[in-house]
Amino acid sequence: MALAWQSPVYLERKRLLELLPEEPGFAVHLEAPAGYGKSVLAGQLAAQLGLRTLWASTLLGEPRVLLAKALDLPQEVPWGGVVEALRAEPTLVILEDLAGTEDLSPLLRTLPCLLVLASRKPLPYPELPKLLAEGRLVHLKAVDLAFTLEEARLLFAGKEGYEEAHGATGGWPLPLFLSALTGSPPEPTALIQGLEESLSPEEFQEDLLLAALPHLPFALARPETESLFQKGLLKRLPEGYSLHPLLKEMAKRSLLEEVRQAVRQAGKRLPPALLAEAYWEVGLKEALLDLLEQPITLPIPAERLLEWEDLLRQGGPRTHLRLGEALAQCGRREGLSLLEELAASRAKEDPALALIALGHLAYYFSETLLGKDLSRARVYLEEGLGLLPQVSPELAGRFLNDAARVPFAEGRPEEAAHLLEEALRYLPPESPYRIAPLSNLSLLRFELQGSIHERIQALEEALRLMEGHMPQNIPGHLRDLGWLYLLLGEREKARAHLERAARTPGHPLASLEARMLLAHLEGDAEALARHVAQAELWETPHLVERGRALLAELKRDPGLLEGLSGFFPSLTRALLLRDPSLLPPYPESREERLLWHSARYRLLGEEGDLEALLALTDAKEGILPGLLPLESLPRKRPELSRAYPLLQVLRLGWKEAIASRLPEIPPLKVQVMGGFRVQNPLGPVELRGKAKEVFALLLLGLPREEVAFALWPDLSEEAALNNLYVWLARLRKLLEPWGVPTYLGEEGLMRVEADLFALEEALERAEAERVLELYREPLFPGLDHPHLDHKREEVFHRVRALFLRKGEPRFLEQLLELDPLDEEALIPLVESCLSRGQRVRARRFLEHYRKKLWEELGEKPSPKVEALLRTL
């Protein structure tokens, strides 16, 4: 039968159809789970070819018997008779629902037809590897059959939601198609049943487990996990494998008890934090409480624990300890009350649990973000010191690290350093918790000595190590790194760290502060105002003051600081009102001293403040870009510009500073293929008329004298050179507006990156792929000159010679795009199509050539082309 699969509801899969052979002697194997469009693709191939088509499903019988019946042969006829009947007329045979147990060897050995095999699982027929090696088999799997994002867009035909649907289904054609048709997800039961039939028991069990997990780390993957990924049912995220959202919802809705059983069976396989997520996801709440009560590290973000708050309040003391810390991390002071109850009630019964609670209390009562109460923090520090002999060395070291926050907040850095050194003595050498005191010691060294680079290095190192043990510290570390990079004027690094801090769970107050800094960095006053409102809602005075000061600076409105008298509001008020008398008292912390001296320098311009800034950190002038505008620096000291972004220096036109940084200036970027664009570091350079011609000839490497003669052949040598010098001066102003010779020297152009140069290098190395990527016509568009015409011809012939030498279809097709009448490219391309069984495609190329030849030259094809056409 021949089916009409060109219905408007089906998207024609041109990407896949172009891969398929079109004549007997070739085979196609479509291997994918149910709903991957195997039948649709086979039907579209049948409609495209128009051959006699025999279509059979092994669910209805044995393939030989079904084919014999379709060919009007007796059902008992052996394979030999079926093969001969298939040879009698060009035929497409489509066999669906193959399991691999069928007897197809006579058909596969002879291939008297174009054969399409469709299965949900791999087929073990021994002939298939041989056909694949001979180039006579095309094997497409689920990953190939899945819709691309562009195909999903076409399928939705202008309707919204295609991106979300593609992400949810992973490109699985059937649910994607139904979603496009109905505007809602499909009914899960039938899809799940089809999926189960397509997978081995081990694969289906893995699929059920993944329905309960946010992701499965790569280290925990099994062969069946990789098989699910190859079938297109899993996404590969940076953190591991994840089931597509639609499949998750279908599994939990239709097979919840089976998913729960898969989670129970995976208890020893999964790390505790991931197991806790799985328990919550499938409603195994008693199992989750039992897990939370165990004395183990559970790196679950505070925000996530608060989503479970009602359940956690039903748990035991260790669960309450986890909840108390999570509440404190989220700025909720009732967490401190919960920790105080635990510290008081468990001191004798469970000193280890009490000490953990005391460490949290000492830390959070010293924390600016929660409002300091240093007297209570000191009490909890002393109580904890009394419990140290009763606990393990590692627990003692962790407490001392937390408690060191108290003397640091009290302005006693030496005592804080002593406690951190004690923590390192307690913590075993292999303990992952050593990273915290080491990082905190670097903070102290910054405070005492100004070692800002050591501080950054320690924070970066700590980030790499704390993922599995102290995830609650990650947002604060990222925020601190973002702020330090802001101080150094490294805005892109700062932005990257602040963005990560803003979206990383574990410490919501640190994430909120990062969002404030990020909104200020991006000049987004509306977002910053929202963050300030959130800080006010959470009643965090420090964040409110910090956020208001940032917002007032952004909006240039000192009125936003009314009623606020802290360091940041006072500093910002003085700057906005240009009144140094409003500066806050000289601060104690090194970070605040940096801000204070920079504000005073901006107000008074006294070099004493500039020298103080240079002396406060080991970054020296590297600290200036984040604190002072470039134009405020004294012109007699160009060396101070070294740390500022080069573009700022170029835009300012500070010639002495630019001259000292000449090697840093990037090359001039030039495109002359397919378009004419010139770009210096400051942006596009508009070249017009004679300036464009001068530039193009210089780009060819012509000496000045030749350029002058080429452009003004009727003038004397002296007059032509005079004209050229005038245009070179104009060209220099366009290319180097900063006034320091950079790209145009005595010998011509220098420090230029041009697509033409890259192309010629690729041609020299015979790198055909790179040439295919680079070569575009026209070359030097919009310009007409004999030198340029010669270059165009030379480059085209070199490209053509390389592509013909390579002889691969994509290179030959490109040659026909460039010159539709290139018979030397046409014939090997047609022969390549024929070798792959693509007769229709070959005929299409030949007929297009014949039509063009007649339309443009009024000529008939050569005998060789005519012979190929007759053959087809």
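**View 1. Asp 72 lies in the loop that joins α3 (63-70) and α4 (79-87).** The model shown here and in the following views is predicted. Phi of Asp 72 is near 60 degrees, a positive value in a residue that is not glycine. With a relative accessible area of 72%, Asp 72 is exposed, because the cut-off for that class is over 50%. As background, most residues other than glycine have a negative phi.

**View 2. Ala 766 also carries a positive phi, of about 55 degrees, although it is not a glycine.** Ala 766 is placed in the loop between α42 (755-764) and α43. Its relative accessibility is 29%, so Ala 766 counts as partly exposed.

**View 3. A cis peptide bond runs from Glu 777 to Pro 778.** The omega angle of this bond is near 0 degrees. Pro 778 belongs to the loop between α43 (768-774) and α44 (786-806). In general, most peptide bonds are trans.

**View 4. The largest nonpolar core comprises 187 residues, of which Leu 624 and Phe 780 touch the most other members.** Helix α22 (residues 351-364) makes the greatest contribution to this core, with 9 residues. Apart from this core lies another, of 77 residues, which includes Leu 41, Ile 94, Phe 204 and Leu 327. Once neighbours within four places in sequence are set aside, Leu 624 is in contact with Leu 610, Leu 613, Leu 614, Leu 633, Leu 640 and Tyr 644.

**View 5. Helices α12 (residues 201-210) and α13 (residues 223-230) cross at roughly 85 degrees.** Their axes come within 9 Å. From α12, the contact is made by Glu 202, Glu 203, Glu 206, Asp 207 and Leu 210. From α13, the contributors are Glu 224, Thr 225, Ser 227 and Leu 228. By residue class, the contact of α12 with α13 is divided into 2 nonpolar, 2 polar and 5 charged residues.

**View 6. Leu 305 is found in helix α18 (residues 302-307).** The relative accessible area of Leu 305 is 7%, so this residue is buried. When residues up to four places away in sequence are not counted, Leu 305 touches Ile 300, Leu 312, Arg 322 and Ala 326. Glu 325 is 20 residues from Leu 305 in sequence, and the C-alpha to C-alpha separation of the pair is 9.8 Å.

**View 7. Trp 712 occupies the loop between α40 (704-711) and α41 (717-735).** Trp 712 counts as buried, at 12% relative accessibility. Leaving aside neighbours within four places in sequence, the contacts of Trp 712 are Lys 690, Ala 720, Asn 723, Leu 724 and Trp 727. Between Trp 712 and Leu 288 there is a separation of 424 residues in sequence and of 86 Å in space, C-alpha to C-alpha.

View 8. Cys 113 counts as buried, at 0% relative accessibility. Cys 330 likewise counts as buried, with a relative accessibility of 8%.

Terms used:
Residues numbered from 1 in each chain as written. Predicted model: local features only at pLDDT ≥ 70, side-chain atom pairs only at ≥ 80, totals over all residues. Heavy atoms only, no water. Core = buried A, V, L, I, M, F, W, Y, C linked by side-chain atoms within 4.5 Å. Buried < 20%, exposed > 50% of the residue type's maximum accessible area, 1.4 Å probe, protein only. Helix = DSSP H or I, 4+ residues; strand = E, 2+ residues; numbered from the N terminus. Contact = heavy atoms within 4.5 Å. Axes fitted to C-alpha atoms, helices over the stretch in contact; angles between N-to-C directions. Nonpolar A, V, L, I, M, F, W, Y, C, P; charged D, E, K, R; others polar.
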